[in-house]
Amino acid sequence: MSGLRLEGLSKRYGRIDALRDVDLSVGTDELLAVLGPSGCGKTTLLRLIAGLEEPTGGRVLLDGRDITGLPPGRRNVSMVFQSHALFPHMTVRENIAFGLIVRDVPRADAAARVERAVGLVGCGNVLERRPHELSGGERQRVALARSLVREPDVFLFDEPLSNLDAELRVQMRAELKELHRRVGGVSVHVTHDQVEALVLGDRIAVLREGRVEQHGTPDEIWREPVNRFVARFVGSPTMNVVPADGPLRVQGVPADPGLELGVRPEHLRLGHGPARGSVALVEPVGSEAYVHVDVAGVRLVARCDSAGRPQPGDQVLLSAVPDHVHLFDAATGARVRRR
Ligand code: ATP
């Protein structure tokens, strides 16, 4: 099979299971976004793929070949870090070329590859500068060029956008997506930002405490989260989850205390319905608003058009759009299929 395959990959640090029995595959030209909260094992996963750590169990396969025992230098895998990790005393050009020089790539070949990488990320105007003379976005582009120039089989990205300000982050996110489309290759992009994962990933793996909770396309993760954790981790504001015997009744769903209803804020309608509540807080965000409503001791968040938004203190009626209600087992959090 071509591409990257992780089989039963585990990593233990003393008593901490950083990764437990991870099975994942990433096809050629596919970008896998690994999403999860701090400490769930994202960086450990990348370090195992790069060969910077040895797994406690399991295998890493590239194009069907077992590379688990290979040192990093023999894997043709390149990693882009959050911190960029550029050499401060070298110019941008030297930084980009460094990986080729140490691998004894002939000079003319190296120069052509540097040109190509620089053209792809658009950092040709800063080649003679040193890293401290660059903006955050420029530094990020240089780090990308340095990774591209090696023409690796696998690109690893460890939260590469997290040090950028909000606007630049959105811009670089789009650039990364376009770059991946043009350059191809196996890419694994680690992030704790669910929007980044949804935007960039051909598929997403959601990690929690070292385990893969769900692996699927962004649409699958969004529409059919396998459990409450995935449902609440993906989406902002987060999905409302309330007891099925609570104030938010939905046609066809039994008022069973062993069940929970999950409703995303955009699927909660204001103005009519079975639940009545008091508006506690309104967050206007441009054309829409997030309305926090207290309903019989439960806080629900609805997304509505900003133009018709209620005010704090208003009494409102609420209903859920039945086709978009998720059901979870209250005890385990697992998704329950609706009959
Ligand atoms: P973050 O988003 O905060 O960077 P992460 O998802 O990348 O987190 P990891 O850095 O992979 O998480 O860490 C996973 C777990 O393994 C954590 O509990 C962490 O404390 C632990 N861990 C990571 N590296 C080591 C190490 N070298 N020694 C001991 N424990 C470690």
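Here is a short tour of the structure above, from the whole chain down to a few side chains.

## Ground rules

This is a predicted model, so local features need pLDDT of at least 70 and side-chain atom pairs count only at pLDDT 80 or more, while totals for chains, interfaces and linings use all residues. Residues are numbered from 1 along each chain as its sequence is written, and side-chain values use heavy atoms, with hydrogens and water left out.

## The whole chain

Let's start with the overall picture. The chain has 17 strands and 8 helices; these are DSSP runs numbered from the N terminus, with helices being H or I of at least four residues and strands being E of at least two. Along the principal axes, the C-alpha atoms fill a box of roughly 75 × 45 × 35 Å. Of the 339 residues, 50% count as buried (buried is under 20% relative accessible area, exposed over 50%, partly exposed in between, with a 1.4 Å probe and protein chains only).

Take the contacts between residues at least 6 apart in sequence: 65% of them join residues at least 24 apart. A contact here means heavy atoms within 4.5 Å. The accessible surface comes to about 16000 Å², and carbon and sulfur atoms own 48% of that (Shrake-Rupley method, 1.4 Å probe; for residues, only the protein chains shown count as cover).

On the charge side, there are 44 positive and 44 negative charges, and their mean positions are 2 Å apart. Lys and Arg count as positive, Asp and Glu as negative, and His and the chain ends are not counted; each charge is placed at NZ of Lys, CZ of Arg, CG of Asp or CD of Glu.

## Helix 1

Helix 1 covers residues 42–50 and is mostly covered itself, with 7 of its 9 residues buried. Among them are Leu-45, Leu-46, Leu-48 and Ile-49, but Lys-42 is on the buried list too.

## Aromatic pairs

The structure holds 3 aromatic pairs (rings of Phe, Tyr and Trp, using its six-membered ring, with centres within 6.5 Å; planes under 30 degrees apart are stacked, over 60 edge-to-face, the rest tilted). One of them is Phe-87 with Phe-98, edge-to-face at 4.8 Å centre to centre and 65 degrees between the planes. Phe-87 lies in the loop between strand 6 (77–80) and helix 2 (92–101) and Phe-98 lies in helix 2, so the pair ties together parts 11 residues apart in sequence. Phe-87 is partly exposed at 29% relative accessible area, and Phe-98 is partly exposed at 31%.

Phe-229 and Phe-233 make a stacked pair, 5.7 Å centre to centre with 20 degrees between the planes. They are 4 residues apart in helix 8 (residues 228–233), about one helical turn. Phe-229 is buried at 18% relative accessible area.

Arg-208 lies over the face of Phe-229, at 4.4 Å from the ring centre. The charged end of Arg-264 sits over the ring of Trp-222, 3.8 Å from its centre. To qualify, NZ of Lys or CZ of Arg must be within 6 Å of the ring centre and within 35 degrees of the ring normal.

Glu-213, in strand 10 (residues 211–216), touches both Arg-208 and Phe-229, along with Val-206, Val-226, Asn-227 and Val-230, not counting residues up to four places away in sequence.
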